[in-house]
Amino acid sequence: MITLKAGDKAPNFKGLDQDGKEHKLSDYKGKKLVVFFYPKASTPGCTAEACDLRDNYKRFQANNYEVLGVSADSAKRQANFIAKNQLPFPLLADENHEVINAFGVWGPKKFMGREYDGIHRTTFVIDEKGVIEEVIQKVKTKEHTAQILK
């Protein structure tokens, strides 16, 4: 389960996006970084969340933020998700769960009475020095920007 909290150093992650381009924490030094983990590309909640971030992307940029999405989907599925919703930010295809496990967002979940392991929808706001400013676990998919940019 998620043990990272505000004030902790962010995990020194690295992963490949939908185009096979590598992203790592050090790439974002000097910028704030929003890393949002979502269960599955192109599902209703994940689409609502990604589109809310998309619709407010210029606000993020104006405030020196970069946005990075992460799920266990394949690069092809992430690329389709981006194309279908015109997402302006990269999505990591973390099929091996390296980034997911580094942030501790994989674990037991319940849905319609069924228990299974999956990604807990969680967002980490990381400052310019790589320190976690905030961990948002109760993500409001349709109003997520408002939770981040207060």
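Predicted model: local features only at pLDDT ≥ 70, side-chain atom pairs only at ≥ 80, totals over all residues.
Residues are numbered from 1 along each chain as its sequence is written, and side-chain values use heavy atoms, with hydrogens and water left out.

Let's start inside. The largest nonpolar core has 21 residues; by that I mean a set of buried Ala, Val, Leu, Ile, Met, Phe, Trp, Tyr and Cys residues joined through side-chain atoms within 4.5 Å, with buried meaning under 20% relative accessible area for a 1.4 Å probe, protein chains only. F60, V67, F81, F89, L91 and I148 have the most contacts inside this core. α1 (44–55) is among the elements supplying at least two residues, and α1 gives the most, with 3. Helices here are DSSP runs of H or I, at least four residues, and strands are runs of E, at least two.

Apart from that core lies another, of 20 residues, including F13, L25, V35 and I119.

Now, the largest pocket: about 260 Å³ of space, taken as the volume filled by probe spheres set on the grid points, joined across faces, edges and corners. A pocket is an open set of points on a 1 Å grid where a 1.4 Å probe fits, with protein on both sides within 12 Å along at least five of seven lines; lining residues have an atom within 4 Å of a point. Among the lining residues are C46, K109, F111 and R121, and β6 (106–111) and β7 (114–119) each give two or more.

Note on methods: Buried < 20%, exposed > 50% of the residue type's maximum accessible area, 1.4 Å probe, protein only.
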